[in-house]
Amino acid sequence: MEEILRLFHQYKDAVYRLALSLTGSAADAEDVTQTVFLKLMEKQPELMPEKERAWLLQVTANECRNLHRRLCRRSTVSLDEALAVAAPEYTPLLTHVMKQRPTDRAVLYLFYYEGFSTEEIGQMLHTSQSAVTTRLHRARKNLKATLEQEGYYETGL
């Protein structure tokens, strides 16, 4: 048990950082970190001193892939159900936002509804800030065109 505690204290930050970089979520990274050290306790493999870190990081990468597979298989919620939990004042516009392309929808939602900066959105979506700015510009343009077609927005011409 002492050996496991030593490995935990020595490598917990490295395991967490790798999990965070692969999942993009602090909560998921914490879950993966916990799972990795639980596996270490359960299996108690005979690790050579210079191979401990490599084993832990390999298990971390595997657990992140497993988590991704589980999330991909998770059932989704219908748009109507998602809109039911939205704030009432946002519902009409949010309906149109949610009809945009997935990349456009993501940047619009994160920027306007969650209040994240373009830099933060870039980090979340694993893309550059300039790509987020470009997507945001395109998404606004597409949303404006959609709203004009449906009579919600007038150009003043």
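**Close-up views of salt bridges and cores**

**View 1. Glutamate 52 and arginine 6 are joined by a salt bridge between their side chains, with 2.8 Å from N to O.** In this predicted model, glutamate 52 belongs to helix α3 and arginine 6 to helix α1, so the pair ties together parts that are 46 residues apart in sequence. Glutamate 52 counts as buried, at 6% relative accessibility, whereas arginine 6 is partly exposed, with a relative accessible area of 35%. Both residues also belong to a network of salt bridges that links Glu3, Arg6 and Glu52.

**View 2. A salt bridge connects lysine 39 with glutamate 63, whose closest N and O atoms are 2.7 Å apart.** This pair links distant parts of the chain, since lysine 39 is in helix α2 and glutamate 63 is in helix α3, 24 residues apart. Lysine 39 is partly exposed at 26% relative accessibility, while glutamate 63 is buried at 7%.

**View 3. Arginine 138 and aspartate 104 meet through their side chains in a salt bridge of 3.0 Å, N to O.** Arginine 138 lies in helix α8 and aspartate 104 in helix α6, 34 residues apart. Aspartate 104 is buried, with a relative accessible area of 0%, and arginine 138 is partly exposed, with 29%.

**View 4. The largest nonpolar core has 16 residues, and Leu56 is among the members that touch the most others.** Helices α1, α2 and α3 each supply at least two residues of this core, and α1 gives the most, with six. Leaving aside neighbours within four places in sequence, leucine 56 is in contact with Tyr11, Val15, Val36, Phe37 and Leu40. A second, separate core of twelve residues includes Leu94, Leu110, Ile121 and Leu147.

Note on methods
Residues numbered from 1 in each chain as written. Predicted model: local features only at pLDDT ≥ 70, side-chain atom pairs only at ≥ 80, totals over all residues. Heavy atoms only, no water. Core = buried A, V, L, I, M, F, W, Y, C linked by side-chain atoms within 4.5 Å. Buried < 20%, exposed > 50% of the residue type's maximum accessible area, 1.4 Å probe, protein only. Helix = DSSP H or I, 4+ residues; strand = E, 2+ residues; numbered from the N terminus. Contact = heavy atoms within 4.5 Å. Salt bridge = Lys/Arg side-chain N within 4 Å of Asp/Glu carboxyl O.
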